[in-house]
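Work through the exercises below with the model open. Try each task before reading its solution.

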Amino acid sequence: MKIETLAIHAGNHGDLTSGAVVPPLILSTTFERANDGSLVEGRDIYTRASNPNRRALEEKLAALEGGSEAIAFASGQAATMSIFHALGAGSHIILPDDIYYNTKVIIDNLYANFGLTCTEVDMTDLSAIKRAIKKNTKLIWIETPSNPSLKITDIQAVVKIAKAKDILVACDNTWATSFFTRPFDFGVDIIMHSTTKYFGGHSDILGGCVILPALPASDGGVLGVAIRTFQSVGGAVPSPFDCWLLNRSLSTYAIRMPVHAKNAMKLAVFLENQPQIEKVNYPGLKSNQYHRIAKKQMIGADGVPCFGGMMSILVKGGEKQALALASNLKIFKHATSLGGVESLIEHRYSVEGLHSKSPENLLRISVGIENIIDLIADFEQAFK
Ligand code: PLP
């Protein structure tokens, strides 16, 4: 089945007792057993361990990435933690140098006394990745496009380096989504999402997930079991209502994604030609240094290269001019996060604080699905 059909039907088994086409929301935390105390076949036990709404969501998430199994969490951060925890104490991880900054905070802060360490590298420099490998390196983490400078990592090339050394590769596919990049096709071992973003799509559900590949796992499934245990025992699970709502949002995922990408492409071309803008970071632009790799691995569901809905711009003049532009916009809301139907703009330097590596004149833009004529007109009035 194609992604548009899977987004609607995968995991949606309706309700056999009522005949409801839309699966009911099951809030109960506990489920009745047979009179002799045994489990009734197919029934859940306790909602932290499993719940019908979560199972339906996990089935859909796995289908959307072409994976065997998805494990849903209460946030993207909890999903990331589950992967790091499963690697075991004392593991070393190679990370992109412009990774979503809170991913690194998990290692440096939460897992420091678990002995996790990391090395940050420019993932577009393959020799730097090779140099960063240590005896205890267990994982290479890819985030492409990167945040916020939209660098594109050649996933296939990184997987080749990792496999030669028996190292796992995880891909945070939150920005590109399964609609524009299919990490499992390039041999990645684990996909992670902040479902808060494009999967949720309406800026009203916090969530995350880990997805495991359809191919037999190279470690015999050990990692997958550890991640599932982290979920069901650790308990950072999404509520049945969040699962139900996310399942509903995903029904329109395949309709939303091409609009985000088409709008972003048009906005990037417009912004590239404005005298107030120093640079537009968008892999769809022919002038972009990562355009060649992006064309190879960012393919839309129709088989045509397509570059997603995220970009960043460098504003001439510096931080003051960037902040002024963000606050002059009326449709683009000056707020953090991404992937919702509404357009957002954000000054990453002030959000990330003192340790930020983002240029002071950078604005990150999440292009929504409003009419592009209105979005361009909003920038035109803001520049005046
Ligand atoms: N990964 C990326 C690329 C993100 O942008 C974010 C959040 O902004 C996360 C992970 C963390 O996800 P969450 O906020 O759902 O915990």
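The exercises cover domains, helix packing and backbone geometry.

This is a predicted model: local features need pLDDT of at least 70, side-chain atom pairs count only at pLDDT 80 or more, and totals for chains, interfaces and linings use all residues. Residues are numbered from 1 along each chain as its sequence is written, and side-chain values use heavy atoms, with hydrogens and water left out.

**Exercise 1. Describe the contact between domain 1 and domain 2.**

Step 1. Domain 1 spans 3–251 and domain 2 spans 255–383. Such bounds come from an automatic or database domain assignment.

Step 2. Taken over C-alpha atoms, they are 26 Å apart.

Step 3. Count the residues in contact (heavy atoms within 4.5 Å). Domain 1 gives 36 residues and domain 2 gives 36.

Step 4. Find the buried area, which is the accessible area (1.4 Å probe) that two parts lose on being put together, summed over both. For domain 1 and domain 2 this is about 2,900 Å². Carbon and sulfur atoms give 60% of that area.

Step 5. Ile152, Phe180 and Tyr198 supply 28% of what domain 1 buries against domain 2, more than any other three residues.

**Exercise 2. Work out how H3 packs on H8.**

Step 1. Locate the elements. H3 covers residues 76–87 and H8 covers residues 222–234. Helices (H or I, at least four residues) and strands (E, at least two) are DSSP runs, numbered from the N terminus.

Step 2. Read the geometry. The angle between H3 and H8 is about 130°, and their axes are 9 Å apart. Axes are lines fitted to C-alpha atoms, for helices over the stretch in contact, and angles run from 0 to 180 degrees between N-to-C directions.

Step 3. Classify the angle. H3 is therefore oblique to H8. Under 35 degrees counts as roughly parallel, over 145 as roughly antiparallel, 65 to 115 as roughly perpendicular, and the rest as oblique.

Step 4. H3 crosses H8 in a right-handed sense. Right-handed means that the near helix is turned clockwise from the far one by less than a right angle; anticlockwise is left-handed.

Step 5. List the partners. H3 uses Ala78, Met81, Ser82, Ile83, His85, Ala86 and Leu87, while H8 uses Leu223, Ala226, Ile227 and Phe230.

Step 6. Sort them by class. The H3 and H8 contact has nine nonpolar, two polar and no charged residues. Ala, Val, Leu, Ile, Met, Phe, Trp, Tyr, Cys and Pro count as nonpolar, Asp, Glu, Lys and Arg as charged, and the others, Gly among them, as polar.

**Exercise 3. Find the backbone exceptions in the loops on either side of H6.**

Step 1. Recall the background. Most residues other than glycine have a negative phi, and most peptide bonds are trans.

Step 2. Check the loop between strand S4 (137–143) and helix H6 (155–164), which holds Pro145. A cis peptide bond links Thr144 to Pro145, with omega about -5°.

Step 3. Pro148 is in the loop between S4 and H6 too. Asn147 and Pro148 are joined by a cis peptide bond, with omega about 10°.

Step 4. Move to the loop between H6 and strand S5 (168–172), where Asp166 lies. Phi of Asp166 is positive, near 60°.
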